[in-house]
Protein chains: 4
Amino acid sequence: MTFKLPGYCPPDLTRERFSSAPAALTAEAPGNGTAPSGFHATSNHPEYVCMEPGKWILVRESRMDCVIVRRGDSLEVLEPRRLKQGDRVVLGRTENGEDGIFVHTEGFDTGRSSAPDKFSFRIRGTRETPFSKSYDALYDLLRHDREHGYIVWVLGPAVAFDQDSRRAMQGLIRNGFCHVLLAGNALATHDLEAAMFQTGLGQDIYTQEPVRHGHYHHLDVLNTVRQYGTIKETIREMKISDGIMYTCEKYRVPYILAGSIRDDGPLPEVVADVYKSQDAMRPHAKKATTVVAMATQLHSIAFGNMTPSYRVMENGLVRPVYFYIVDISEFSVDKLANRGSVQATAVVTNVQDFIVNLSRNLDSWQQEGQPS
Amino acid sequence: MTFKLPGYCPPDLTRERFSSAPAALTAEAPGNGTAPSGFHATSNHPEYVCMEPGKWILVRESRMDCVIVRRGDSLEVLEPRRLKQGDRVVLGRTENGEDGIFVHTEGFDTGRSSAPDKFSFRIRGTRETPFSKSYDALYDLLRHDREHGYIVWVLGPAVAFDQDSRRAMQGLIRNGFCHVLLAGNALATHDLEAAMFQTGLGQDIYTQEPVRHGHYHHLDVLNTVRQYGTIKETIREMKISDGIMYTCEKYRVPYILAGSIRDDGPLPEVVADVYKSQDAMRPHAKKATTVVAMATQLHSIAFGNMTPSYRVMENGLVRPVYFYIVDISEFSVDKLANRGSVQATAVVTNVQDFIVNLSRNLDSWQQEGQPS
Amino acid sequence: MTFKLPGYCPPDLTRERFSSAPAALTAEAPGNGTAPSGFHATSNHPEYVCMEPGKWILVRESRMDCVIVRRGDSLEVLEPRRLKQGDRVVLGRTENGEDGIFVHTEGFDTGRSSAPDKFSFRIRGTRETPFSKSYDALYDLLRHDREHGYIVWVLGPAVAFDQDSRRAMQGLIRNGFCHVLLAGNALATHDLEAAMFQTGLGQDIYTQEPVRHGHYHHLDVLNTVRQYGTIKETIREMKISDGIMYTCEKYRVPYILAGSIRDDGPLPEVVADVYKSQDAMRPHAKKATTVVAMATQLHSIAFGNMTPSYRVMENGLVRPVYFYIVDISEFSVDKLANRGSVQATAVVTNVQDFIVNLSRNLDSWQQEGQPS
Amino acid sequence: MTFKLPGYCPPDLTRERFSSAPAALTAEAPGNGTAPSGFHATSNHPEYVCMEPGKWILVRESRMDCVIVRRGDSLEVLEPRRLKQGDRVVLGRTENGEDGIFVHTEGFDTGRSSAPDKFSFRIRGTRETPFSKSYDALYDLLRHDREHGYIVWVLGPAVAFDQDSRRAMQGLIRNGFCHVLLAGNALATHDLEAAMFQTGLGQDIYTQEPVRHGHYHHLDVLNTVRQYGTIKETIREMKISDGIMYTCEKYRVPYILAGSIRDDGPLPEVVADVYKSQDAMRPHAKKATTVVAMATQLHSIAFGNMTPSYRVMENGLVRPVYFYIVDISEFSVDKLANRGSVQATAVVTNVQDFIVNLSRNLDSWQQEGQPS
């Protein structure tokens, strides 16, 4: 199958409802980090703002639950906390254009017809939903976006707890299927624990055996890295030669480790301030064309909130952003699906299997002992 | 890896506690289907019964929660409902030999040491348990038991709801990895629905699209098979050439479809009486050497209850029976694990991925269009 | 709050689309238990069938996935397996009246407006859905239907595993809030185990302590009842004075125990043939005005399948049938919700808490030691 | 039932293994935030350190996964990141006293016997575990610790999404059952949303109806509080008179809102730096005698990690710290239970029901319209 991006169908802005609409109102931010009353909040859909009667522009680099600041003829989507007093914030809570704001939910042809019957089974995605096509589509998508897009992985620590899933992730990074890695202290710590001790939280990542004094392993990892000062230096000094962090360092794939109150340690690279973490993640959300978020409700929702459903490419092309959310719990995947993105694809499974499937089908399976 | 069955280490019956023990008492069943007071109930472990002082025999073809009937010098493990008035039922509720009954829980070397620390993480199996070795062990086991054992599959309908998982199961049957299939009306119905309509409960098993009038599909399947009289005849008449039921018929793999109150239809082969279903399933539990139970709490627990942890082979060899329980819910796999079998291996995942993994690693992946 | 049944708004059958519609076609059942090609399958909604041009009648005592048999001027909704050769089966798969069949999905005013925004959170019911109103509505409903309706309880065994929840259920039965009880072998067995041993599967139902030889308890219960011949006689002989089964017997609340392949024993009252179980349950589905199904996927779905969303009362009044499905798993409650009944209310919680809440709020809390 | 704290049974330090043991070794922290090689990591159990031969002292204010710093004759338990270069860190990884460290896991008589059988059902706590006694024990405990202890609540936002559960929590605070509240931005935001709009994430907290423009509600709440500068000032200015935050302010119950990368806003009180959040929470962990953690995996695990299983009271009494973890998912409660605290009690249910139960049984149910 050759992958083909679905076309984008912009609204017909020559229609009377648009041509007669007023420019969207703005008001000044009353203080730093606060918005004026009646501010418009963005969705993750493409939105058009009327700058002056007859002139509409598509908002770029958008995300959910932010405000739009007008700077002359351009628009910027900002978290309200980043507003400066006096910023001109777009006002309006209608979405049909009458106040100069149009939310365009039907821009991409999803190829899905709606069910024509009064009754049908299994509307909601569950563990029993067939996922074969979701996999096949993702294989194509990753192959395409490896060259032509920007692939973001959001990982919970479970990926590092199993030998095969850790190796699979490593293979995907090595083969160029990951442009940035977003995770927390735990993923990095337990990946390094696996590299140094072959365990995850003290349990052998292959045999499942708890190891004597294994609960010290992650503490020793944290202490070691804190002594060496960086993950990179630790990998060099400890001669680590496998794993997710190792492969990121080797292939210069950037990673962001966002802190949480659950952290031991933390590793030196972990960002302590959660809003600085958001600010570090957001640029990747702006560039993202495909996101795969696995086994972490915290990070998945955080990044899901800041990822729009579309991206305007450098050449002006508008394309969908694909968001795969992979979790074993329907509740977790619904958390995102309930936010209503048509581009969000849920896969309800154990991430170990998911990532091994991906790796094998993308010919990225890394053999043991094979030079990486 | 070459698979090697773990050895069986019988208890040393020459020890004084055994040589001095009395014969196990028996009493007559007071009526059909009822046991005498104080009856001994079997576990799924090897049990030894003292027939006369100094003479112990190992119970064969056992199962959990049954009674032992002494018939001369031999013993039979029976469901209490199958007792006949006057059957001599073994009595006794101790397990250490003092009353002539010894439950031998340590017969197989599992190779697991116990954790030596006062503290360790993650004792219980969950979605975060590493499953790589469980998979590898199962691949070896299935290859071994294909020739030298008896492999039982217990399937919920979800396996038929997805194109790849259905194809994977088909490949495993075709390649000899399934000696008997236990399921219910739904698995067979939806597998035939997939063959006739490419849907499961009206949803396309590849594209996830609900199909117009799709909720009629399984009803039409049921009606069609009821008209033809058998699944086999339907396959012939309808020229069905793929799927789980088709492959069972083609390769003469027997199947038992046990009825439940949830059934529409049912298909003609479905056993309406649940105790007759149990009686039909039990002979396969006696022969089983490996069981894989997926995505059905009802059938998994039913068959788990009747499967012992060991089998005495024709040549007298005592070997373990391996029981894999695969489900996406920790609660479901725990239901069996709580019954305490050391041989039970839980894999917490979506069965679609599990079965596709199996199929690919056992070189049983069935290509579309490939003659089956 | 005084409870008021929502009114029923029948379709306007004088409209041209109805008055000009043809009588629904029928065809003879080609054999016992099989339907003619093109048969119409019922939904759980009110359906109208055109008997002759201009004459429509509302189908009574309907259920999902059945056929409609015309007998002169009346209609009967039958499971296809119960068809007799020659029965005149209504044909047609459209639902808008054009073929003489109209499925009326909007008969009851649910008081729910639809969300007017392009975007809103949390469409699907989950553990985070607010349930206060669902509880309040159920209290009112149960008080109303105690006198004016027919309340069906469908119970899994978990209700008997906890002292308070078992007592709560007992109080509800004693106070008239249960007109029939549908369950399986396990519920009755473990309720009697609690009465005789204060345990559930060998675990104390208050202290959680596993009891020595506790795994014999349910086996001894089964054996005892099988010896006495009936639950009723056992209660008398063993002087049992508390519990769900005791209270049903004392207040002559009928119960149906449907067999499953998971059963030990079974108790003598358990129906072995699953289709006979369905036939025994269906009359209660026809009478039901409120159903509360808890902690059993098997029985809940079985009864959900046979319960319509409306009942035509003796006086001709058409009223909704309320179906509460209570389970701790979103997946389980979705199984029913996906079948699309507007009257189905999901409560995602532990049934222990649910039933204790009900009992306290309906003033049915049964004190320990209090004469029941 | 009158509540009685279980006695503490210290180890017999006069025994030879203790009297002959060496003083625990120490080594200097090689740098700020790093521990020397071979550092001892604390558990959540009472631990005794040998200061000089024959002199053992009990570590106070401990927690899991920290180091012990010796300062003269006293010991301090510190997160490794808080070490200063040159701090004397206790070394040793044995727990039986041989290296001067003894971990005392059996100090409190839990009153639990161990199961004496080779086989028993349902070892692990699940949704089917009976919780009546857990509730009763908690009622007694809360009544006792209201006067004689320090009760910490750790809340996820779900508590604020339902009218009754929010009111129940409010009643518990008002009646003195909460000495400190630990939560995140979402709990406070949605509680204030409920106060201002009667919604949670735009859904009516009683009727479940999505409200028009409801997805703006939490954004407007955040903006409003950011304009007023504090929650307290907002409550005053907006004349808010109900809810969790209102009641905390009114009764001067302190709260800590720890930031996470998922936050919108945030509210001004939210701590942005996660390690500062930990440092703010830890003093409450040192004082805690009872903790109830509900519906938040992130905050529950964070606080669980820092809560010891015992507290040394001002008068020298050693008492257990009770930790209730309440969640609808077995996986979530297991996350803590797997950390092995005997004092951890899991209740698997919906927190809405849990908190309403508590409130009613502690006579803290707050009537609508009742002056609070």
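Predicted model: local features only at pLDDT ≥ 70, side-chain atom pairs only at ≥ 80, totals over all residues.
Local features need pLDDT of at least 70, and side-chain atom pairs count only at pLDDT 80 or more.

Colleague: How do you know how much area domain 1 of chain A and domain 2 of chain A bury between them?

Modeller: Buried area is the accessible area (1.4 Å probe) that two parts lose on being put together, summed over both; for these domains of chain A that comes to about 1,500 Å², 48% of it on carbon and sulfur atoms. On the side of domain 1 of chain A, Asn44(A), Arg63(A) and Arg81(A) lose the most area to domain 2 of chain A, together 37% of what that side buries.

Colleague: Why is the pair Asp279(A) and Arg81(A) called a salt bridge?

Modeller: The term requires a side-chain nitrogen of Lys or Arg within 4 Å of a carboxyl oxygen of Asp or Glu, and the closest N and O atoms of Asp279(A) and Arg81(A) are 3.1 Å apart, so the pair meets the definition. The count between the two domains of chain A is three salt bridges.

Colleague: What relates chain B to chain A?

Modeller: Superposed by least squares on the C-alpha atoms of residues with pLDDT of at least 70 in both, chain B can be laid on chain A with an RMSD of 0.0 Å by a turn of 180° and a shift of 0.0 Å along the axis. The two copies are therefore related as by a two-fold rotation axis.

Key:
Residues numbered from 1 in each chain as written. Chains lettered and ligands numbered in written order. Heavy atoms only, no water.
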